[in-house]
Amino acid sequence: MKIVTYNVNGIKARLPRLIEYLTEEQPDIVCLQELKASDETFPLSDIEAAGYGAVWHGQKSWNGVAVLAKGATPVERQRGLAGEDEDEQSRYLECDVDGLVVAALYLPNGNPRPGPKFDYKLRWMERLAARAKVLLAEEVPAVLAGDYNVIPNDDDTFSVRAMAEDALMQPESRAAYRRLLAQGWTDALRTRAPKGGVWTFWDYQAGAWARDAGFRIDHLLLSPQAADRLVDAGVDKAYRGREKASDHAPTWVTLR
């Protein structure tokens, strides 16, 4: 079973690339981020024509997450995270798919920092950690898949110096990510690339793709019951190089 996280950076603009990916790679489950589309404008008919069912949590122009399943419709468990009733940003969607609990998440960027956006990022991470703890207590195979907007380690970026002041790499962001792992979650891609050097994002600016100046911010975290079934993990990097591609590459894990 191949489970993918894919920040499409606008599902309307990237729909041809998404359908291309679904058709060529035939993943079993896909968690999408940054739909940048309202619930009403989600392209369900195109996705169904490619053989996938979908549940989505949209928002006009910003954010937005979805869970796709090949040949089935995911069963929604929860949308949004508890802890801030006034938070209307569409960033978390949790579903049951074929015996797995799968959450698509889009963690706040946090820039500029210091300031309210960075404070919101850290609060959101604590709310995610609270939900993650509940999922672990269920003792089921679960995957938290998404754009975490956190560079966990120095070897997860092309340049520590270039990213030193960015919210993605601050000690507070990294500490919150480590606390999540310490609950008992496994960073799937890190198990396959323990020395780093694997990127999931390349900016559109400054020739980042051509220079391979990327970093790793898209992660799939596995509960112990899912980690026991881990076969492999990787990045479908070539899709970042296609015409009018997202600035993220599909990142995946395969489970028995």
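Begin by selecting Y106, which lies in strand β7, residues 100-106. The model on display is a predicted one. With a relative accessible area of 9%, Y106 falls under the 20% limit and is therefore buried. Next, display the surroundings of Y106: apart from neighbours within four places in sequence, its contacts are N7, Q33, E34, N63, V65, R91, W124, D147 and N149.

From that list, select D147, a residue of strand β8, residues 142-147. D147 is buried too, its relative accessible area being 2%. Among the residues that D147 touches, beyond those up to four places away in sequence, are T5, N7, Q33, I217, D218 and H248.

Proceed to strand β4, residues 65-70. How many of its six residues are buried? Five are, so the strand is largely enclosed by the rest of the structure. Strand β2, residues 29-33, pairs with β4 in the antiparallel sense over five bridges; here V30 stands opposite L68. Strand β3, residues 52-57, also runs antiparallel to β4 and is joined to it by six bridges; here V55 stands opposite V67.

Finally, select E172 in helix α5, residues 171-182. E172 is partly exposed, at 40% relative accessibility. Leaving out residues up to four places away in sequence, E172 touches F118 and L122.

Methods:
Residues are numbered from 1 along each chain as its sequence is written. This is a predicted model: local features need pLDDT of at least 70, side-chain atom pairs count only at pLDDT 80 or more; totals for chains, interfaces and linings use all residues. Side-chain values use heavy atoms; hydrogens and water are left out. Buried means under 20% relative accessible area, exposed over 50%, partly exposed in between (1.4 Å probe, protein chains only). Helices (H or I, at least four residues) and strands (E, at least two) are DSSP runs, numbered from the N terminus. Two strands pair if DSSP finds at least two bridges between them. Contact means heavy atoms within 4.5 Å.
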